Amino acid sequence: MKWFGEHKFGVLIGLVIGMLVLGIGMTSGGRAHTTAPEGLLSSGVGSVSRFFYYSSQYVNNFYEFISDLSTLRSRNEELEEQLGEYKRNLTDYEKVVQENRELKSLLEFKEENAQYEYISASVVAIDPDLGFSVFVINRGSDDGVGNNMTVILKEGLVGRVVEVSSSTSKVLSIIDRNSMFNGVCVRTRDYVRITGDDNYKLRGYVDSEAEIEVGDIITTSGLTGNFKKDIVVGEVLEVQTPQGRLEKEVIIEPAVQLEKINNVLIIK
Amino acid sequence: MKAIGLIFILLFELIIQGTFFQFMSINGYYPDLVLITLVVIGVFYEKEVSWKYGFVIGVLRDVIFGRVFGVYALSYTVTIVTVSWIGKNIFKESFAAPVILFPIGVVMMHALVYFTHYLLRMAIPIGDYISNFGILYWGINLPALLAIYTLLRMLRHKGILLNM
């Protein structure tokens with residue numbers, strides 16, 4: 001007893017550390033649902049975060065607008081020129097698409113997607129260390145959100161829900177290094193194993209005989225993992241064949257600009 | 001009441017880091033207000049008191065942002081206990097204490113976070129992780145540390161928020 005009295009603090013800290021290590025061990029595989037107190041806390045903090053998030057975004061946009069004012073005119077001309085070019089490209093593209101078989105698959109894709117039910121959500125906070133690798137949205141189990149649901153934007157795939165509380169959820173985006181899923185090249189139908197990489201890019205691995213090229217579009221395969229099929233992932237930026245490797249490596253530009261997202265859709 | 005006030009300040013700092021600083025930063029760098037405040041609390045208080053602040057804000061961070069419960073609670077608790085212990089035994093709350101203890105706190109806290117993530121196979125390459133702590137990081141955090149230390153020291157002398 002005397003020993004415990006003399007080392008009371010050491011014993012206390014030891015117990016706390018032991019408890020936390022146990023907590024880490026128990027939740028290391030991820031949790032589908034948070035406990036009620038955690039949900040309550042997340043909801044409370046989520047509403048405060050949301051206010052700060054949108055206020056900060058507004059201030060940032062205003063600051064960027066002021067900073068860009070001097071170069072606005074030349075930029076406007078440049079953008080108008082680009083817009084003209086894009087319009088011409090779009091016209092060509094539409095003509096080609098109308099004559100192409102891909103229209104059929106596109107329509108099928110749309111019809112397939114129409115079967116899904118969507119839940120709209122807004123981003124309320126971002127992980128301070130990891131940025132958009134993990135972010136919090138303002139929808140939870142009360143809104144019908146479930147673990148592993150696919151999160152998208154109209155441009156393409158964003159990530160998946162990894163933790164759900166009553167009114168908020170955490171989303172693991174596809175750019176996180178721990179995100180791993182299967183994609184498929186639309187043109188060649190080669191399968192690609194995709195994981196997150198630095199600088200908001202994705203890294204993919206394909207068979208050495210795959211005929212994948214720069215500019216190819218990658219979609220989700222729907223074969224393994226949690227993502228629905230045929231959601232656009234991004235465009236191939238670079239194809240590398242590292243020496244001594246049996247696979248090619250591809251760098252993929254995500255279709256979604258993750259650093260600029262505000263609202264997302266969750267596929268139910 | 002004073003303890004709750006400090007917890008609210010730490011929570012506010014955590015929210016600011018997750019929202020405001022994500023938009024308003026210098027090349028992605030911003031002051032780590034939570035760690036700075038914890039180090040200052042560690043300097044002011046003995047470890048028997050200071051550990052509670054590290055534990056509570058760590059738990060809050062794990063609940064709000066974390067994917068694995070306990071990583072930040074463990075790291076913050078161990079860091080603030082160590083800072084308090086060194087501060088009490090070596091520096092005796094001199095003005096140099098926070099300046100010397102902050103780098104120790106940064107190294108200790110991030111080493112624990114990295115090590116835990118490494119064990120959980122969630123760690124990024126160590127080179128990438130260390131590259132986050134360049135000159136700009138210290139250039140932003142050290143002035144913020146001095147500002148927060150001066151402010152909390154003043155509040156402490158006036159008997160607000162921190163007990164003497």
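This is a predicted model: local features need pLDDT of at least 70, side-chain atom pairs count only at pLDDT 80 or more; totals for chains, interfaces and linings use all residues.
**View 1. Chain A in outline.** The secondary structure of chain A comprises five helices and 12 strands. Chain A has 268 residues, of which 31% count as buried.

**View 2. The barrel of chain A.** Six strands of chain A close into a barrel, and their order is S1-S2-S5-S4-S3-S12. The pairing in this barrel is antiparallel. From one strand to the next, the twist averages 45°. One of the pairs is formed by strand S2 (residues 131-137) and strand S5 (residues 169-173) of chain A, which are antiparallel and share four bridges. Within this part of the view, A:Val134 stands opposite A:Leu172, a residue of S5(A). Helix H3 (residues 36-68) of chain A packs on the sheet, where the helix touches strand S1 (118-127) and S2 of chain A. The direction of this helix makes about 80° with that of S1(A).

**View 3. Strands S6, S9 and S10 of chain A.** Strand S6 (residues 180-185) of chain A pairs with S9(A) in the antiparallel sense, over three bridges. Opposite A:Cys185 stands A:Ile218, which belongs to S9(A). S9(A) is also joined to S10(A) by three bridges, and these two strands run antiparallel. Here A:Thr219 stands opposite A:Val232 in S10(A).

**View 4. A positive phi at A:Asp230.** The loop between strand S9 (217-220) and strand S10 (232-240) of chain A contains A:Asp230. Most residues other than glycine have a negative phi. The phi of A:Asp230, however, is near 65°, a positive value in a residue that is not glycine. A:Asp230 has 18 other C-beta atoms within 10 Å and is therefore partly exposed.

**View 5. A positive phi at B:Asn27.** In chain B, the loop between H2 and H3 holds B:Asn27. Although B:Asn27 is not a glycine, its phi is positive, at about 50°. B:Asn27 counts as exposed because it has 9 C-beta neighbours inside 10 Å, and the limit for an exposed residue is 12 or fewer.

**View 6. Helices H3 and H5 of chain B.** Two packed helices are described by the angle between their axes and the distance between the axes. The axes of helix H3 (residues 33-44) of chain B and H5(B) come within 7 Å and cross at roughly 40°. H3(B) is therefore oblique to H5(B). The crossing in which H3(B) passes H5(B) is right-handed. From H3(B), the residues that take part are B:Leu38, B:Val39, B:Ile41, B:Gly42 and B:Val43, and they meet B:Tyr76, B:Thr79, B:Ile80, B:Val83, B:Ser84 and B:Gly87 in H5(B). The residues of this contact divide into seven nonpolar and four polar, with no charged residue.

**View 7. The side of chain B that touches chain A.** In this view, 30 residues of chain B are in contact with 33 residues of chain A. The elements of chain B that give two or more residues to this side are helix H1 (2-18), helix H2 (20-23), helix H4 (47-64) and helix H5 (71-91). H4(B) provides the largest share, six residues. By residue type, the side of chain B that touches chain A divides into 19 nonpolar, seven polar and four charged residues.

Terms used
Residues are numbered from 1 along each chain as its sequence is written. Chains are lettered from A and ligands numbered from 1 in the order in which they are written. Two residues are in contact if their C-beta atoms, placed from the backbone, lie within 7 Å. Ala, Val, Leu, Ile, Met, Phe, Trp, Tyr, Cys and Pro count as nonpolar, Asp, Glu, Lys and Arg as charged, and the others, Gly among them, as polar. Axes are lines fitted to C-alpha atoms, for helices over the stretch in contact, and angles run from 0 to 180 degrees between N-to-C directions. Angles under 35 degrees count as roughly parallel, over 145 as roughly antiparallel, 65 to 115 as roughly perpendicular and the rest as oblique. A crossing is left-handed if the near helix is turned anticlockwise from the far one by less than a right angle, and right-handed if clockwise. Two strands pair if DSSP finds at least two bridges between them. A residue is buried if 20 or more other C-beta atoms lie within 10 Å of its own, exposed if 12 or fewer, and partly exposed in between; C-beta atoms are placed from the backbone.
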